[in-house]
Amino acid sequence: MLIRDETPEDFDAIHDLTSTAFKPMPYSDGTEAEIVRRLRENGDLTISLVAELDGEILGHVAFSPVAIDGAHDGWFGLGPISVKPERQRQGIGKAMIARGLELLNEMGASGCALIGNPDIYSRVGFSSDGQLKYLDLDTRLVQRIVFRGSPPSGTLQFAPAFES
Ligand SMILES: CC(C)(COP(=O)(O)OP(=O)(O)OC[C@H]1O[C@@H](n2cnc3c(N)ncnc32)[C@H](O)[C@@H]1OP(=O)(O)O)[C@@H](O)C(=O)NCCC(=O)NCCS
């Protein structure tokens, strides 16, 4: 399996994959594929990786800038992330996240944050100390990985593409 940057030829496959992967999820509002498209359009798709096997796109992950208490201090957000339903739980998500975090770290990022299931993201190095907040969500779902500097404290704000 190859993990590589997206190219324009992947845009339709990424859109379809994201719609398909999120469709059965109870927390999905059906906008995730559109969020990826808007991030790209706005120039906020800092990293966009696909997992490809035999010419087929099996996974995709996006990373975009985030603010914490209104400040952009080198923090990025992970998501949306999608793996083709019949290929989930086979390590594809983990491999894409690991590569994305490696790239962010190489870029000098302070860290990466996300909202998601701790059972999944604790397996790839994310954790919560309760200091990072998002709306009124349980802070256990608001997780981060710190590359440099102090652990962040405050309210997480995603790129405009996430606002419907
Ligand atoms: C979330 C998603 C991207 C994970 O990708 P994946 O390829 O299935 O994940 P992996 O197989 O790499 O698993 C990574 C780790 O999380 C664990 N994990 C994955 N899915 C899990 C689940 N539903 N519940 C509990 N643990 C889970 C795996 O066991 C693995 O840990 P391990 O390596 O210690 O065994 C994929 O399930 C998906 O596309 N879901 C639909 C879209 C979505 O919900 N996106 C995320 C929104 S936050």
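Reader: Which side chain does Arg 4 meet in a salt bridge at 2.6 Å, N to O?
Author: That would be Glu 52, going by this predicted model.

Reader: And where do Arg 4 and Glu 52 sit in the chain?
Author: Arg 4 is in strand S1 (residues 2-5) and Glu 52 is in strand S2 (residues 47-53). They are 48 residues apart, so the pair links distant parts of the chain.

Reader: Is Glu 52 buried or exposed?
Author: Glu 52 counts as buried because its relative accessibility is 19%, and the cut-off for buried is under 20%. Arg 4, at 21%, counts as partly exposed.

Reader: Nice. Which residues are linked with Arg 4 in a network of salt bridges?
Author: Asp 10 and Glu 52 are linked with Arg 4 in that network. The side chains of Arg 4 and Asp 10 meet at 2.7 Å, N to O. Asp 10 has a relative accessibility of 5%, so Asp 10 counts as buried.

Reader: Switching topic: what does the side chain of Lys 84 meet in a salt bridge?
Author: Lys 84 pairs with Glu 86, with an N to O distance of 3.8 Å.

Reader: Why does that one still count?
Author: Because the salt bridge criterion is within 4 Å, and this pair is at 3.8 Å.

Reader: Is Glu 86 buried or exposed?
Author: Glu 86 counts as exposed, with 54% relative accessibility. Lys 84 is at 22%, so Lys 84 counts as partly exposed.

Reader: Last one: how many salt bridges does a search of the whole structure find?
Author: The search finds 10.

Terms used: Residues are numbered from 1 along each chain as its sequence is written. This is a predicted model: local features need pLDDT of at least 70, side-chain atom pairs count only at pLDDT 80 or more; totals for chains, interfaces and linings use all residues. Side-chain values use heavy atoms; hydrogens and water are left out. Buried means under 20% relative accessible area, exposed over 50%, partly exposed in between (1.4 Å probe, protein chains only). Helices (H or I, at least four residues) and strands (E, at least two) are DSSP runs, numbered from the N terminus.
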